[in-house]
2 protein chains.
Amino acid sequence: MTRHVVALAGGVGGAKLAEGLAAHVGDGLDVIVNTGDDCVRHGLLVMPDHDTVLYNLAGIEQAAFGWGIEGDTFCVMDQLGVYGEETWFRLGDRDLALHVARTARVRAGGRLTEVCLGLQASLGVRGRVLPMTDAPVATEVRTADGWLEFQEYFVHRRQEPEVLELRFAGIEAASPSPEALAALERADAVVLCPSNPLVSVGPILAVPGFRAALDAARARGVPVAAVSPIVGGRALKGPADRMLVALGHEASATGVARLYAGFVDVFVLDAVDATEAAAIEALGMRAVVTDTIMDDDASRARVAAAVLDAVLA
Amino acid sequence: MTRHVVALAGGVGGAKLAEGLAAHVGDGLDVIVNTGDDCVRHGLLVMPDHDTVLYNLAGIEQAAFGWGIEGDTFCVMDQLGVYGEETWFRLGDRDLALHVARTARVRAGGRLTEVCLGLQASLGVRGRVLPMTDAPVATEVRTADGWLEFQEYFVHRRQEPEVLELRFAGIEAASPSPEALAALERADAVVLCPSNPLVSVGPILAVPGFRAALDAARARGVPVAAVSPIVGGRALKGPADRMLVALGHEASATGVARLYAGFVDVFVLDAVDATEAAAIEALGMRAVVTDTIMDDDASRARVAAAVLDAVLA
């Protein structure tokens with residue numbers, strides 16, 4: 001019997017666990033991805049989180065970084081530089097083809113999720129990658145320099161400015177995609193991947209109607225698990241640790257668990273943080289301690305197995 | 001003193017003469033290009049004639065074909081094929097960067113001619129390449145299969161269907177770009193390049209207001225020269241010979257001259273067609289016989305010199 005698992009994911013960490021989950025449940029996997037990082041570069045719609053998950057599920061991700069396509073070239077980017085276009089957001093040639101095709105199909109009237117599913121099918125991936133919404137939502141961060149677009153902060157300024165405030169522009173008018181809602185309705189389990197709780201998982205949960213659909217699933221007895229993106233007080237990748245502290249939270253597994261208290265049943269934390277298990281269970285979750293580092297296909301599948309064992313056993 | 005020369009050009013043949021003219025008059029050259037062949041591919045605005053002239057003026061054109069960029073790669077195109085996009089219109093990676101940047105700037109509100117001039121400046125070309133109009137015009141050909149977009153006929157069907165009728169969709173609403181009109185106003189001479197008289201030079205002349213501006217220049221004493229694209233009864237490149245016959249004209253230098261009678265003062269024909277000189281002079285033009293084959297930079301400059309000698313001497 002196919003098990004239906006819905007994963008909520010942002011970028012690289014989420015993509016790694018998604019690939020691990022796909023190794024177990026195959027086409028039973030629906031990954032709902034954050035679209036708050038999406039941006040228009042050179043007139044093309046770029047979806048960093050969607051694409052990172054997609055390339056990982058397709059097994060073609062750039063191994064050293066986790067995003068982009070392994071062995072990609074940069075001929076278009078270099079020539080765009082000749083024309084005076086900004087080049088700090090490096091898009092490879094094969095990667096760019098995805099943005100070109102997607103932009104053309106959306107401009108021609110295609111609905112975002114349908115366009116994404118069509119492109120995914122061409123790569124032959126197992127599972128589906130579902131944008132959290134078909135509506136435009138833009139994560140913005142306030143710094144000492146004022147409000148910045150997310151990629152300006154994340155890529156151009158290398159996450160260096162301190163984040164004083166977050167907002168998800170447009171989210172009031174957004175609603176979950178029909179596919180995302182349908183995925184939650186048939187889910188046997190929901191997994192919050194080890195992604196930034198504030199700017200990766202946060203926007204998904206903030207889409208009006210999403211939390212209600214998640215709560216409805218839990219009311220039907222569907223378990224919700226989360227995997228900590230903070231290990232030993234540090235984010236494995238990205239600025240989650242500093243961002244948590246700057247916004248008044250704690251850069252620890254417990255700090256993340258506090259953000260998820262009330263709608264997460266199982267919290268998976270790394271063995272190095274085992275002493276936090278009691279504090280996490282005090283929040284009303286079951287704590288599962290395991291090695292959560294995913295540096296190859298085997299460890300991705302192993303962490304995914306630990307999560308699935310905890311919620312589907 | 002800078003001599004101002006306005007050339008009217010379509011694709012490869014026109015681009016070769018344009019490069020030859022630039023060798024003599026440098027920044028005094030304005031090439032007004034046909035935009036009827038322009039098309040949207042993969043959501044990107046592609047301008048075959050503009051780009052062929054641009055790449056020739058920049059000295060980076062693909063030597064074997066005359067269009068595209070020498071040594072270009074096709075990584076994006078190959079990946080677009082993976083996504084099921086049509087790939088018969090092959091766009092190289094460096095070439096694609098031009099379409100990406102141009103489309104982004106036009107979509108952001110830029111006027112077509114200003115956008116093109118900005119991109120040209122980045123390549124450091126001598127002279128300017130001016131779209132005949134900022135308005136959309138689409139050359140269409142009627143065949144036994146009905147009306148076809150120009151590139152569908154020209155590239156996809158390899159110019160094989162017989163052309164029964166031509167139309168320039170949108171041309172009634174078009175007007176010459178301000179830059180094109182200003183170029184004609186300051187011109188010391190106008191040169192109709194050896195391009196297809198029906199689908200390359202024809203659309204330029206058909207833009208409402210263009211012929212009046214050309215006539216006004218002639219009334220001020222500005223000479224107009226044309227170079228035959230038909231040599232020995234054959235088009236050097238493309239379907240001009242078959243198209244002329246199919247549409248009731250003659251595939252000869254004289255046949256082209258008849259189309260230009262009344263607004264061309266000097267008609268340059270190839271030495272192999274020298275016997276036609278008298279018939280052409282009978283149309284009210286001065287016939288200049290020379291070797292018009294342009295297979296290298298030296299011959300391009302030599303043909304350009306012959307044209308300029310005839311009109312500026």
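Analyst: The model is a predicted one, and the two helices in question are α1 (residues 12-25) and α13 (residues 297-312), both of chain B. Their axes come within 7 Å of each other and cross at roughly 75°, and α1(B) and α13(B) are therefore roughly perpendicular to each other, given that angles from 65 to 115 degrees are counted in that way. On the side of α1(B), the contact is made by K16(B), L17(B), E19(B), G20(B), L21(B), A23(B) and H24(B), while α13(B) contributes R300(B), A301(B), V303(B), A304(B), A305(B) and L308(B). By class, the residues of this contact comprise eight nonpolar, two polar and three charged.

Chain B also has a surface that touches chain A, and there the contact takes 23 residues from chain B and 23 residues from chain A. On the chain B side, α3 (75-82), α4 (93-107) and α5 (112-123) each supply at least two residues, with α4(B) giving the most, namely nine. That side of chain B holds twelve nonpolar, seven polar and four charged residues. For the complex, the predictor gives an ipTM of 0.93 and a pTM of 0.94.

Chain A contains 13 helices and 14 strands, and its C-alpha atoms fill a box of roughly 60 × 50 × 40 Å along the principal axes. A compact globule of 313 residues would have a radius of gyration near 20 Å, and the 18 Å of chain A agrees with this. Of the residues of chain A, 52% count as buried, and among its contacts with a separation of 6 or more, 66% join residues 24 or more positions apart.

Two backbone details in chain A deserve a careful look. Most residues other than glycine have a negative phi. H42(A), however, has a positive phi, near 55°, and lies in the loop between β3 (39-41) and β4 (44-46) of chain A; H42(A) counts as buried because it has 24 C-beta neighbours inside 10 Å. R158(A), likewise not a glycine, has a positive phi of about 50° and lies in the loop between α6 (150-156) and β8 (165-169) of chain A, but R158(A) is exposed, with 10 other C-beta atoms within 10 Å.

Conventions
Residues are numbered from 1 along each chain as its sequence is written. Chains are lettered from A and ligands numbered from 1 in the order in which they are written. This is a predicted model: local features need pLDDT of at least 70, side-chain atom pairs count only at pLDDT 80 or more; totals for chains, interfaces and linings use all residues. Axes are lines fitted to C-alpha atoms, for helices over the stretch in contact, and angles run from 0 to 180 degrees between N-to-C directions. Helices (H or I, at least four residues) and strands (E, at least two) are DSSP runs, numbered from the N terminus. Angles under 35 degrees count as roughly parallel, over 145 as roughly antiparallel, 65 to 115 as roughly perpendicular and the rest as oblique. Two residues are in contact if their C-beta atoms, placed from the backbone, lie within 7 Å. Ala, Val, Leu, Ile, Met, Phe, Trp, Tyr, Cys and Pro count as nonpolar, Asp, Glu, Lys and Arg as charged, and the others, Gly among them, as polar. The radius of gyration is taken over C-alpha atoms; the globule rule is 2.2 Å times the number of residues to the power 0.38. A residue is buried if 20 or more other C-beta atoms lie within 10 Å of its own, exposed if 12 or fewer, and partly exposed in between; C-beta atoms are placed from the backbone.
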